[in-house]
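Welcome! Here is a short tour for anyone meeting this structure for the first time. Take a look at the sequence and the model, then read on.

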Amino acid sequence: MSTAVIPSSPSIWAAVEAADGRRPRSLQTQLGASDTVCERRAAYILHGHPKTDTVFSRSAALGTMAHEGLTKAAKAEFGWLIERKVADPAIRGSIDIVQLDEATAKRLPARLRPKVTADVVTVEDIKTKTVWKWDDVLRYGPTEAELRQVHLYADLLRTEGFEDRTGQRVLARLGPVGVQQIRLRYVCRDNGDEHVYEIPFDPQRAEEARWWLTRVAETKSPEDGRRDFMGPNLDAVCDFCPFATACWGIPAPGRPAQTTLIHDDKDVEQALIDYVEAHKPFAEAKRVKDFARKKLDGSKAGRYGPNVLKWGGENPLEEPDLAKMIELFDDAGLKVPQTEDLARMVKILKAAGLPVPMRDTGRSSARTIRIVPYRE
Ligand code: SF4
């Protein structure tokens, strides 16, 4: 039997990626509430289509680890119910947190009662976000898909209760649980900022989520499902979709995946109409934005009503130092590419785990504006 040789100091990501591949989530074929992000993707899962792409995101993996730590701490300190399973014939899910009210808590054995109860039974979903997405979280709140997912969890709990399975039989005995509140807790995975969004459970939204599922269930094949995103390199969800190749096909070398949607002149005609129609509002909005940017050029950073103005950029610009890189290649016994190719040399040094020597260009980066929503 051959055994894989692991170098003495492997990248820790090799372990994380292997462990991630064994997570039950990664192997599931039944539709889960967290799969309700894209109709086409949900249809691939429902029809048992084999995955066509192996995807692993370090950033998402960090999010998963942070998520586990947060829910475990909430269980230990507040006694909240975490990672509890709910299911009906159409869908299943694992709820991050259920915070019970006093009355429901009293129906449970003392060991399962929360130390911190809620005024009303609350279903909570935790979302970790990068700092790049944080302003969107504060400004626009949850996405449709996030609200759909958490309403499905709450609806399953309201109609079926906790699933009757090992590890939560006592909870299942509660029967349907009267969830009245939805909570989305956002945590920034770069700096730990926290933002809580709470709304009453909305039966109308839960029904819409059920219709969404019915539409997927009515598809005859995955291709009947609507693509809810615009594909690789435009929407990150497609970059990490295990069905991306099945969904978009394989484009001609060097062409983007979206080119596979053009089959004939009619498709070109429609794409041109879309382009022209989108251009007008885009150009007008850009003029408004450029005008506002010019007006703001002399304004001081600070809070102005609902927004905070920040200035950035104007940093010294550095670039890889070719002479020092060649020296470093020599010292490390690395082969210098035949033609000096900065990008390739940088890549080789990084792969060898060596620092890339940089030199000051004497230039500065452009001044950048950043407008973030104000928070008390
Ligand atoms: S690649 Fe994008 S559009 Fe296609 S199924 Fe996946 S998420 Fe949906």
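Strand E7 (residues 307-313) pairs with E10 through 7 bridges, in the antiparallel sense. Please keep in mind that this is a predicted model.

- E7 and E10 belong to an open sheet of 3 strands, ordered E6-E7-E10, with antiparallel pairing.
- Its edges are strand E6 (302-304) and strand E10 (367-373), each of which pairs on one side only.
- On average, neighbouring strands of this sheet are turned by 30° against each other, direction ignored.
- Helix H12 (residues 265-296) lies across E7 and E10, at about 105° to E10.
- H6 also lies across E7 and E10, running at about 35° to E10.

**The sheet of 5 strands**

- Another open sheet has 5 strands in the order E1-E2-E3-E4-E5, and its pairing is mixed.
- Here strand E1 (81-87) and strand E5 (194-200) are the edge strands, each pairing on one side only.
- From one strand to the next, the twist averages 35°.
- Strand E3 (residues 122-129) and strand E4 (residues 181-188) run parallel and are joined by 8 bridges.

- Helix H6 (residues 131-140) touches E3, E4 and E5, and its direction makes about 145° with that of E4.
- Helix H7 (residues 144-159) touches E1, strand E2 (92-99), E3, E4 and E5, with its direction at about 150° to that of E3.

Note on methods: Residues numbered from 1 in each chain as written. Predicted model: local features only at pLDDT ≥ 70, side-chain atom pairs only at ≥ 80, totals over all residues. Heavy atoms only, no water. Pairing = 2+ DSSP bridges. Helix = DSSP H or I, 4+ residues; strand = E, 2+ residues; numbered from the N terminus. Axes fitted to C-alpha atoms, helices over the stretch in contact; angles between N-to-C directions. Contact = heavy atoms within 4.5 Å.
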